[in-house]
Amino acid sequence: MTDMGLFDAMYHCRAMRRLKPDPVPRELLLKLVDAAHQGPSASNKQNDRWLVITRADIKQKVADLNRAAIDRYVTFAPDAPPSAFKWQYDNLQSVPAIIVGGLVLEQHGDSFHDGYAAGGSIWPKVQNLLLAARALQLGACPTNLPLFGDQAAAYEALNVPANMELACVIPVGYPMGRFGPVTRRPAEEIVSWDQFGD
């Protein structure tokens, strides 16, 4: 573990999409998953499951699914300045690791989004993973585009069991950019007291 304080990690945990291809040691990837697993789950079921992808052919499948999903919604202007989102679109297959988080569910609905209660057992764990990555000087940024553009193809490519639903894909690696403070609106602008609008 590093000596980075919790609030330092939270206030400097930028979404890092541009990642170097340098390998991340397996023990650090396992440490990220272990940190994620410390997060809460409903009834302490501990039903989170994690897939760490380092094989080039599987990363390529995820990258192809990501591009196909983005192509449905976005047209990149040829003269637009380069963006981290476009970089990830072009280079997801070259990141050293992709971590996929999901849940084993007792009742399998039509979609993960059928019940936000199930999501409450994975998203705090994802945030733990992101904060752990920041503390370890690793870049990471969750997305669900590769999973929900063509869910059937994604689940087949990743050999997802029938009783599981996936929540997000988290590319992980050493960042090309610099960590710095996140830019957010002041809390006073987004908070209401007792009822919205007050």
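This is a predicted model: local features need pLDDT of at least 70, side-chain atom pairs count only at pLDDT 80 or more; totals for chains, interfaces and linings use all residues.

Trainee: Why are α3 and α4 called oblique to each other?
Mentor: Helix α3 (residues 56-73) and helix α4 (residues 84-91) pack at an angle of about 130 degrees. Roughly antiparallel needs over 145, and roughly perpendicular covers 65 to 115. The pair is therefore oblique. The axes lie 8 Å apart.

Trainee: How do you know that α3 meets α4, and through which residues?
Mentor: Contact means heavy atoms within 4.5 Å. On the α3 side, N66, R67, I70 and D71 take part. They meet F85, Q88, Y89 and D90 in α4. By class, this contact has three nonpolar, two polar and three charged residues.

Trainee: What makes a space in this model a cavity?
Mentor: A 1.4 Å probe fits but cannot get out. With a threshold of 30 Å³ or more, the search of the whole structure finds one cavity. The largest cavity holds about 40 Å³ of space.

Trainee: Which residues line the largest cavity?
Mentor: Lining residues have an atom within 4 Å of a cavity point. The residues are C13, R14, M16, L130, A133, R134, L138, G139, A140 and F179.

Trainee: Which element gives the most to that lining?
Mentor: α6 does, with three residues. Both α6 (123-135) and β3 (139-140) supply at least two each.

Trainee: What is the make-up of the lining by class?
Mentor: The lining has seven nonpolar, one polar and two charged residues. Gly counts as polar here, and G139 is in the lining.

Methods:
Residues are numbered from 1 along each chain as its sequence is written. Side-chain values use heavy atoms; hydrogens and water are left out. Axes are lines fitted to C-alpha atoms, for helices over the stretch in contact, and angles run from 0 to 180 degrees between N-to-C directions. Helices (H or I, at least four residues) and strands (E, at least two) are DSSP runs, numbered from the N terminus. Angles under 35 degrees count as roughly parallel, over 145 as roughly antiparallel, 65 to 115 as roughly perpendicular and the rest as oblique. On a 1 Å grid over the protein atoms alone, a cavity is a set of points where a 1.4 Å probe fits but cannot get out, and a pocket is an open set with protein on both sides within 12 Å along at least five of seven lines; lining residues have an atom within 4 Å of a point. Grid points are joined across faces, edges and corners, and a volume is the space filled by probe spheres set on the points.
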